[in-house]
Amino acid sequence: IVGLHHARGDFAAESDAQLRAADDSRTQESDAVRAGRLVAAAELLRKRAGKREEATACYERALALDAGEIVALDALEAMATETGDIGLVAQVLGRKVAATAKRPNEQRAILGRLAALQAHLGRPEAARAAYARALELDGSFRPALAWLAEDARGRGAVDEEQAALERLAMLPADPVEPEATAAALARLGELYADAERIEDAERAARRALALVPRHPTALAVLDRVLSTRPASHPLAELLATRAEVETDFDVIVDLLFRRAALYEGLGELRAAMQAYEQLIALRPSSAAAWNRLAALLRNAGEWPQLAQLLTRLAERHAADGRRGEAEALYVEIAHLAHDRLGDAERARAVLHKALEVEPRSKVALTSLLALARGRGDAAEEDTLLGRLSELAEDGAGRAMAVAEQARARHGRGDLDGALALLRELPPASAPDAALKLRVEIEEARDALEIG
């Protein structure tokens with residue numbers, strides 16, 4: 001009868017026939033067969049007639065007869081998933097675990113799904129229990145070990161985390177997800193390093209890097225390992241690689257500083273200079289990088305390169321409005337050009353740049369004055385002395401500056417010009433030296449007129 005109704009496509013009659021047959025005790029069918037009929041009827045009610053409640057009742061009746069009726073459990077899980085009832089899905093999975101007791105591989109997979117769902121529902125203890133049962137069936141069940149390690153880490157249970165990670169490390173690398181294996185090995189390396197098990201930490205880190213050559217955590221662990229040993233080129237190379245893979249800008253800068261200092265320690269000053277140049281390009285505001293590079297160039301006697309570096313820094317300060325710092329650097333560059341490079345004209349030009357950023361720079365004016373006197377440029381000497389007198393902070397200071405300018409004119413034979421300056425000074429406030437100079441000049445001029 002069932003077959004006839006099915007052939008005609010009368011699914012309602014077919015399900016009804018299956019139910020009557022399941023309830024007919026005269027057939028003397030086994031519970032497993034009757035359960036199969038109830039599942040068949042439920043499938044028709046769910047998929048053909050859309051009667052979910054009646055179908056659910058039939059599935060439950062089938063399971064009452066045969067708790068291992070996996071088709072019924074699959075259907076109940078599917079229905080719970082369709083309605084988004086995650087709690088009910090977890091319940092069904094628990095029943096499926098019991099139903100697959102004699103099929104360990106299948107049961108292990110279901111336990112994994114159940115554990116993941118319990119974790120999603122915020123039931124860590126239930127998840128732990130499910131994963132533990134899965135590991136009893138298969139001690140190499142990777143998802144269980146990975147979750148237990150992460151769970152232990154979240155709880156601060158270092159010993160439990162390490163134990164799970166060590167079991168993971170014993171497994172062959174996952175060919176589908178080598179990154180996951182590398183992450184586990186790198187984390188294990190961190191734990192070993194924290195425990196000062198340096199050799200174990202190095203082995204774990206290198207295994208991780210063999211799978212993922214630029215794994216950030218593994219590189220950091222290897223950095224910790226190599227940093228316990230004397231400075232070396234491998235560590236310098238490692239720091240460069242770490243800087244390339246890091247995403248935190250401050251960490252990158254710190255790594256490059258360490259690399260530059262390491263090269264200094266190794267006595268490889270050229271490499272250190274290049275490292276500091278890289279730092280300056282990365283963080284132009286880093287005074288430490290500028291200063292260290294300048295110190296290396298100064299110690300190496302590389303004066304042209306030092307002058308170029310200081311010029312770049314001075315221009316940067318000037319652009320940022322840091323006039324005092326720019327002025328000081330330009331004055332330093334001028335002395336460098338004059339004393340080390342023997343280029344007086346360049347020194348003069350740089351001092352004028354110092355005056356552009358700080359027009360009242362006495363240091364720059366005084367340095368220009370020395371250059372003017374050195375080449376015998378009387379006109380510029382007089383101009384610079386005049387500017388210096390204008391910068392005097394009080395009457396006495398200005399009088400001294402004017403007296404110096406007048407003395408210079410006197411020395412060049414410009415008696416009238418010298419007297420013109422001195423006569424501008426009020427006699428009452430002029431220093432004795434200025435008054436004495438005025439008398440000397442006037443006497444000299446009178447002598448010339450008499451003669």
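**Entry 1: getting started**
I am working with a predicted model, so I keep that in mind throughout. My topic is charge pairing: side chains of opposite charge can pair when their charged atoms come close. I looked up how many salt bridges there are, and the count comes to 42. I picked a few to follow up.

**Entry 2: Glu43 and Arg46**
I began with a pair inside one helix. Glu43 forms a salt bridge with Arg46, and their closest N and O atoms are 3.3 Å apart. Why are these two about one helical turn apart? Both sit in helix α3, which runs over residues 31-47, and they are three residues apart there, so about one helical turn separates them.

**Entry 3: Asp250 and Arg283**
Next I wanted a pair from separate parts of the chain. Asp250 and Arg283 meet through their side chains in a salt bridge, at 2.7 Å from N to O. Asp250 lies in helix α15 (residues 249-265), while Arg283 is in the loop between α16 (269-282) and α17 (287-300), so this pair ties together parts that are 33 residues apart in sequence. Then I checked accessibility. Asp250 has 49% relative accessibility, so it counts as partly exposed, because exposed means over 50%. Arg283, at 25%, is partly exposed too.

Glu380 has 13%, so I noted it as buried, because the cut-off for buried is under 20%. I also found a network here: Arg373, Glu381, Asp382, Glu404, Arg409 and Arg412 are joined into one by salt bridges that share partners.

**Entry 4: a look at Asp66**
I finished with a single residue. Where is Asp66 found? I located Asp66 in the loop between α4 (52-65) and α5 (70-82). Its relative accessibility is 25%, so Asp66 counts as partly exposed. I then compared sequence with space. Asp66 and Asp31 are 35 residues apart in sequence, yet their C-alpha atoms are 6.7 Å apart in space. Leaving out residues up to four places away in sequence, I noted that Asp66 touches Ala32 and Ala35.

Methods. Residues are numbered from 1 along each chain as its sequence is written. This is a predicted model: local features need pLDDT of at least 70, side-chain atom pairs count only at pLDDT 80 or more; totals for chains, interfaces and linings use all residues. Side-chain values use heavy atoms; hydrogens and water are left out. A salt bridge is a side-chain nitrogen of Lys or Arg within 4 Å of a carboxyl oxygen of Asp or Glu. Helices (H or I, at least four residues) and strands (E, at least two) are DSSP runs, numbered from the N terminus. Buried means under 20% relative accessible area, exposed over 50%, partly exposed in between (1.4 Å probe, protein chains only). Contact means heavy atoms within 4.5 Å.
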